[in-house]
Amino acid sequence: MGKLAAIVVILLVAGLVPAPRDEVQLRIGSKKFTESVILSEVLRLLTEQAGPSVTHYREFGGTRIVFDALAAGEIDAYPEYTGTILGEIYAGKGLTDAESMRQELEKLGIGVSESLGFNNTYALALTRARADELGVKTISDLVRHPELQFALTHEFLDRADCWPALLKAYDLPQKKVVGVDHDIAYRQLISGEVDVIDVYSTDAVIRHANLVLLEDDRQVFPRYEAVWLFRNDTASRYPAFRQAIERTAGAISEAEMQALNDRVESRTASESETAALFLAEKLGVRLEVASTSYWRMVVRHTMEHLDLVRRSLLPAIVVGVALGVFCQRWPSAGRGVLAGVGLLQTIPSLALLVLLLPVVAWFGYRSIGEGSATAIVALFCYALMPVVRNTYTGLEAIPRGVVESATVLGLRRSSRLAEIELPIALPTILAGIRTAGVQCVGFATLGAIIGAGGLGQPILRGIRVSDPKLVLAGAVPAALLALALQLLLDVLEWAVVPRGLKRRQVRSEL
Amino acid sequence: MLELREVTKSYAGATVVAPLTLHVPAGEVLVLLGPSGCGKTTILRMIAGLVTPTSGEIAVDGLPLSNATIGQVRHKLGYVIQEGGLFPHLTARANIVLMARYAGWSRERMERRLVELVEMTEFPPDALDRYPTELSGGQRQRVSLMRALFLEPSLLLLDEPLGALDPLIRAGLQRDLKTVFTRSGATVVLVTHDLVEASWFADRVCVLEAGRVVQEGPFAEIVERPASQFVREFVNSQVVAS
């Protein structure tokens, strides 16, 4: 009994103690695309050179997640686009002008900065050669060339404020319009198969392939001015932060943003280096960016990953075994528990993470970022099922005669559990822990989606900038960790499971 | 020593044990004999406190069996079942001394008692550190017996203790069991369907049919003067078979 209590205490302490973390004053977030990450790096570097320490939660989600994090005060700022605020965050509210948007955000304690200087909206693009040949500069000019072949993305064709609006406003005569994927449209444009495609106005490819954007001379496309959304309370507490926001106002043109995006996506420089270069050239702020080596990065993410696994798996073992015991002892209530735990595991992992975000935030825990409670709770939920089920199965499989013998010998329930039942079920329980552990290492890569760090981070970034080396930097250590964990548990099993419970020996009849 | 007064057991309205009154004096070996399903095992399990009687009273050494007294009563009991019920994760030795450890016995005292029992049950001492899976069926039953006897119980309950054994081993253990019964001086209630075992062990036999005692007395009387058609057929079927 004492031994069991000791194991429980050790597991809980080892599982619940948070890793030491640097004290951070400011937190900036970014959405999961290159431009957002670069802009947040700019703000981070600019703020830090004036004093306060800043953490950047990179690429931890889409609009909803990042905006909610800002509203909940989990981050202090992130870059957003006016069109997204009006059309997505406040969709259906019928806000149209900047002032009503400002007032609406004010209610949440969120401020909006001046435009950073560029409008990242939809645009029509041609190769420079073709544009010069035809002599087109504006969308209106297209009316003179009905023979032009268009390749447009499906989203562009479908959105009411894009193609349908263009057709109407400019009365475009082109008949040859096909719907394709962006990558294919781009390749067809370069090879000369098509003449016009749609792009985002700050796409890296514009600069990369020397494309020309046609001016939206009738202003049909919605405005997507880049702005900072920031917490007003933080801005008044840290003047350096407010000044940094103000200094970036109007600082970046569309062409400059294209160039910055291109630097990162062509893998010429990291987001931090790119941001530093911009600061030096444009604002005259010179600073050193510590470039972390590849291996350092791998080690750091591996440690973060281990931390996620540790803090979810160890408590899941304690709770899982306890629930398994409960299910076996009180079968009618236990059926409900088993069903509930099973149900948890059927929730798609992405959905579970997003569903948990507000719950975790409501309880006052940090829902995003490194070591976020959301990721840990989600991993805990997934790890629970194999442990509960195997504990239950292991206990159920003990022959009735063995349990009854222990009872008639006079062992009390608690002693019987600690001394007889759990030790006999141990091989099955360990098998459950092994399953839970291996799954946990795999699932933990998803933590990166909400900025929880870990080996999912390089995978996500690798996918974004299509860099297989980065994807491998996450995938390979994750696979190795799973293997190592399995090996560790095999050794543990070999060490703690007595001979009598191992493979049946050949009996010598006497 | 053991008293059962008007004890009954029924499951969902079906009677498994009809009102049963039994008095077993100290030192007697009582055999509950009958075909499977006659209720003999249920009676034993009620005495062990594993099954609660539907009505009636059971007393061991004058102590009436109840939730409050069950712990005390179990100190007086030894219990051996067909497959031994040994703890597979413990060695034979650890199985045997488990309860003495809880009772706070000293190492020397445990060792003395172990030597005594090993000798009494004719168990090979070098097999004490083996796990149950590494023992033969007969050895496992001897370990189970030692475990049951270790704290010197006054009442020994055995449920088909020879049931799962090969004939040769069975004969050997049957012989040794009798010695153990005599030497331990415990009161014994043994459940079996086997006439030979009943004749070998019993001071007194209770023949059961469908939860009811149909004949009670010394073994010879059962064979020579069966009280009913059922008892006659039950006896004859085994005599003819052997």
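Visitor: How do the axes of helix H21 (residues 456-464) and helix H22 (residues 468-496) of chain A cross, and within what distance do they come?

Guide: Happy to, and keep in mind that this is a predicted model. The axes of H21(A) and H22(A) come within 7 Å and cross at roughly 160 degrees. Angles over 145 degrees count as roughly antiparallel, so H21(A) is roughly antiparallel to H22(A). As for its hand, this crossing is left-handed.

Now let's see who does the touching. From H21(A) come A:Gly456, A:Gln457, A:Pro458, A:Ile459, A:Arg461, A:Gly462 and A:Ile463. Across from them, H22(A) supplies A:Pro468, A:Leu470, A:Val471, A:Ala473, A:Gly474 and A:Ala475. Sort that contact by class and you get eight nonpolar residues, four polar ones and one charged.

Stay with H21(A) for a moment. Its buried residues are A:Gly456, A:Gln457, A:Pro458, A:Ile459, A:Leu460 and A:Arg461. These buried residues pack against H22 of chain A, and also against helix H15 (294-329) of that chain. Just after H21(A) you'll find A:Ser466, which takes a positive phi of about 35 degrees.

For another helix pair, go to H2 (residues 34-48) and H12 (residues 239-247) of chain A. Their axes come within 9 Å and cross at roughly 130 degrees. H2(A) and H12(A) are therefore oblique to each other, and the crossing is right-handed. On the H2(A) side the contact is made by A:Leu43, A:Leu46 and A:Thr47. H12(A) brings A:Ala240, A:Phe241, A:Ala244, A:Ile245 and A:Arg247. That contact has six nonpolar residues, one polar and one charged.

Let's zoom out to chain A as a whole. Chain A has 22 helices and 10 strands, and its C-alpha atoms fill a box of roughly 105 × 55 × 45 Å along the principal axes. Of its 510 residues, 44% count as buried. Look at the contacts in chain A with a separation of 6 or more, and 78% of them come from residues 24 or more positions apart.

What about the nonpolar cores? In soluble globular proteins, nonpolar side chains tend to be buried together. Here the largest nonpolar core has 172 residues, and those touching the most other members are A:Leu379, A:Ala383, A:Cys440, B:Val31, B:Leu32, B:Leu157 and B:Val189. Helix H18 (residues 373-396) of chain A gives the most to this core, with 16 residues. There is also a second, separate core of 29 residues, and among its members are A:Leu148, A:Leu172, A:Leu189 and A:Ile206. To see one member of the largest core in its setting, pick B:Leu32. Leaving aside residues up to four places away in sequence, B:Leu32 touches B:Lys40, B:Ile43, B:Leu44, B:Val189, B:Val191, B:Cys206 and B:Leu208.

Last stop: where the two chains meet. Here 21 residues of chain A are in contact with 23 residues of chain B. On the chain A side, the elements giving two or more residues are helix H19 (400-409) and helix H20 (413-443). H19(A) gives the most to that side, with seven residues. By class, the chain A side divides into nine nonpolar, seven polar and five charged residues.

Key. Residues are numbered from 1 along each chain as its sequence is written. Chains are lettered from A and ligands numbered from 1 in the order in which they are written. This is a predicted model: local features need pLDDT of at least 70, side-chain atom pairs count only at pLDDT 80 or more; totals for chains, interfaces and linings use all residues. Two residues are in contact if their C-beta atoms, placed from the backbone, lie within 7 Å. Helices (H or I, at least four residues) and strands (E, at least two) are DSSP runs, numbered from the N terminus. Ala, Val, Leu, Ile, Met, Phe, Trp, Tyr, Cys and Pro count as nonpolar, Asp, Glu, Lys and Arg as charged, and the others, Gly among them, as polar. A residue is buried if 20 or more other C-beta atoms lie within 10 Å of its own, exposed if 12 or fewer, and partly exposed in between; C-beta atoms are placed from the backbone. A nonpolar core is a set of buried Ala, Val, Leu, Ile, Met, Phe, Trp, Tyr and Cys residues joined through C-beta atoms within 7 Å. Axes are lines fitted to C-alpha atoms, for helices over the stretch in contact, and angles run from 0 to 180 degrees between N-to-C directions. Angles under 35 degrees count as roughly parallel, over 145 as roughly antiparallel, 65 to 115 as roughly perpendicular and the rest as oblique. A crossing is left-handed if the near helix is turned anticlockwise from the far one by less than a right angle, and right-handed if clockwise.
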